[in-house]
Amino acid sequence: MSDPNLAVVEVRSEFVRGRNCLLVRGQFSPLYMDYYLHLMQHGLKYADGPDQMLKDSLAALALHLASRPQDEGCAWTIHLHEPLMNLFVTGGSRPGRVTGRIFTEDIKDSGKSLFIAQTTRPHMQPRQSMIEFQGTDPLAAVEQFYTQSEQRPTRFFRLPDEHFVQISAEPDADLAWLNGLTDADIPKLAETETLSLLETRGYVFECGCTVDRLYPLLTRLSAEDLDYIFEDGFATITCPRCAAVFKTPKSAFDAWQTRQTA
């Protein structure tokens with residue numbers, strides 16, 4: 001269950017009649033506000049360029065999720081060769097939430113930029129796809145992923161006031177129309193095309209992590225390493241999904257371990 005105080009971004013899925021394309025769109029300012037509150041709460045700050053790239057990735061993931069089955073979960077790692085960093089975003093539609101972070105330390109340079117997508121659904125084997133992409137624009141990276149891995153031409157548009165649009169080809173799509181679309185065409189689509197609303201979903205920026213959910217990370221450490229990180233009686237744990245920082249006493253970790261074995 002998501003925090004009721006978080007702002008919900010409404011993402012609309014519409015069918016473009018006569019073009020056989022799926023249009024998904026949303027305005028992400030409210031979600032970005034909660035993202036920045038999250039950064040402030042945990043003392044995090046990203047440089048302007050990477051910050052915008054992560055925000056674009058969060059929007060693209062939410063649009064992607066809204067176009068997929070409701071019980072599907074996704075995690076994307078966008079490995080950039082130059083500048084060297086990893087953008088990580090993950091989320092699902094039940095509940096509708098996305099989260100993410102930036103990694104800039106201890107990254108192995110592959111010599112190329114990679115887009116790695118992991119997809120999960122209940123009672124099904126997880127799927128992973130990886131492609132090499134060009135450039136540093138996350139939206140262009142997702143477009144290349146759709147073309148190479150999903151074999152489904154898709155366009156993303158970044159419009160003013162943090163509106164984002166995804167248009168994907170369905171069977172027998174008008175690819176000439178899709179490929180010819182410009183930023184100026186998107187706001188007028190309701191006037192120039194026949195759109196049929198298929199579904200509306202809501203998404204928030206939320207990880208759902210708690211210190212209890214992060215304790216299993218500590219159980220992978222040796223006794224010697226545990227003694228080291230609890231040297232002053234407290235350990236600092238960073239969430240691998242959203243970079244939230246938790247400081248926990250050794251007594252709380254020991255009590256958690258006792259509950260697990262009870």
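Student: Which residue caps the N-terminal end of helix 3?
Tutor: This is a predicted model, where local features need pLDDT of at least 70, side-chain atom pairs count only at pLDDT 80 or more, and totals for chains, interfaces and linings use all residues. Residues are numbered from 1 along each chain as its sequence is written, and side-chain values use heavy atoms, leaving out hydrogens and water. Helices are DSSP runs (H or I, at least four residues), numbered from the N terminus. At helix 3, a side-chain oxygen lies 3.0 Å from the backbone nitrogen of L139, and the capping residue is D137.

Student: Within what arc do the buried residues of helix 3 fall?
Tutor: Buried means under 20% relative accessible area (1.4 Å probe, protein chains only). In helix 3, residues 138-150, these are P138, L139, A141, V142, F145 and Y146. They line one face of the helix, because seen down its axis they fall within an arc of 155°.

Student: Is D56 buried or exposed?
Tutor: D56 sits in helix 2, residues 48-66. Beyond its neighbours within four places in sequence, D56 is in contact (heavy atoms within 4.5 Å) with Y32, P138, L139, R158 and F164. Its relative accessible area is 3%, so D56 is buried.

Student: What is the relative accessible area of M40?
Tutor: M40 belongs to helix 1, residues 29-41. Exposed means over 50% relative accessible area. M40 is exposed, at 66%.

Key. Helix = DSSP H or I, 4+ residues; strand = E, 2+ residues; numbered from the N terminus. Arc of directions from axis to C-beta. Polar contact = N/O pair within 3.5 Å; in protein donor to acceptor, adjacent residues only side chain to side chain.
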